[in-house]
Amino acid sequence: LAVANLYSNSVSVLLGTGRGSFLLPLAFAAGQGPAWIGLINFSGKPDLIVADSFADNLTVLLNTANHR
């Protein structure tokens, strides 16, 4: 689960436990006013693309995890 945090300029990612709940959120910097998150796949792993509402930019967060 990925959530855009508009006024803290970050994206929170919550990984599933496989038992119907999530681990604590991991926060990643994501430009100025992230408002929209999309899922892309450049490397065989899910990556995130984030639209910044205050700066008219896109931020790409590449998945560097060793698991899928």
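## Overall layout

What pattern does the protein chain follow, read along the sequence? The answer is β-β-β-β-β-β, with 6 strands and 0 helices in the chain. Helices (H or I, at least four residues) and strands (E, at least two) are DSSP runs, numbered from the N terminus.

A word on the background: this is a predicted model, in which local features need pLDDT of at least 70 and side-chain atom pairs count only at pLDDT 80 or more, while totals for chains, interfaces and linings use all residues. Residues are numbered from 1 along each chain as its sequence is written, and side-chain values use heavy atoms, with hydrogens and water left out.

The C-alpha trace spans about 35 × 25 × 15 Å along its principal axes. Of the 68 residues in the protein chain, 25% are buried; buried means under 20% relative accessible area, exposed over 50%, and partly exposed in between (1.4 Å probe, protein chains only). The chain exposes about 4800 Å², and carbon and sulfur atoms supply 60% of that area. Accessible areas come from the Shrake-Rupley method with a 1.4 Å probe, and for residues only the protein chains shown count as cover.

E1 and E2 are joined by 4 bridges in the antiparallel sense. Ala4 has Val11 in E2 as its bridge partner.

## The sheet of E4, E5 and E6

Another open sheet of 3 strands has the order E4-E5-E6, again with antiparallel pairing. Strand E4 (34-40) and strand E6 (57-61) each have a single partner strand, so one side of each is left without a neighbour in the sheet. Neighbouring strands of this sheet are turned by 25° against each other on average, direction ignored.

Strand E5 (residues 47-52) runs antiparallel to E6, and 5 bridges join them. Asp52 stands opposite Asn57 in E6.

## The nonpolar core

Which residues make up the largest nonpolar core? Its 6 residues are Val11, Val13, Ala30, Leu48, Val50 and Leu61. A nonpolar core is a set of buried Ala, Val, Leu, Ile, Met, Phe, Trp, Tyr and Cys residues joined through side-chain atoms within 4.5 Å.

Leaving aside its neighbours within four places in sequence, Ala30 is in contact (heavy atoms within 4.5 Å) with Asn9, Ser10, Val11, Val50, Asp52 and Thr59.

## An aromatic pair

The structure holds 1 aromatic pair. Tyr7 and Phe54 form this tilted pair, with 6.1 Å centre to centre and 35° between the planes. Rings of Phe, Tyr and Trp (its six-membered ring) pair if their centres lie within 6.5 Å; planes under 30 degrees apart count as stacked, over 60 as edge-to-face and the rest as tilted.

The pair links distant parts of the chain, 47 residues apart: Tyr7 is in the loop between strand E1 (2-5) and E2, and Phe54 is in the loop between E5 and E6. Tyr7 counts as exposed, at 72% relative accessibility.

Terms used:
Two strands pair if DSSP finds at least two bridges between them. Axes are lines fitted to C-alpha atoms, for helices over the stretch in contact, and angles run from 0 to 180 degrees between N-to-C directions.
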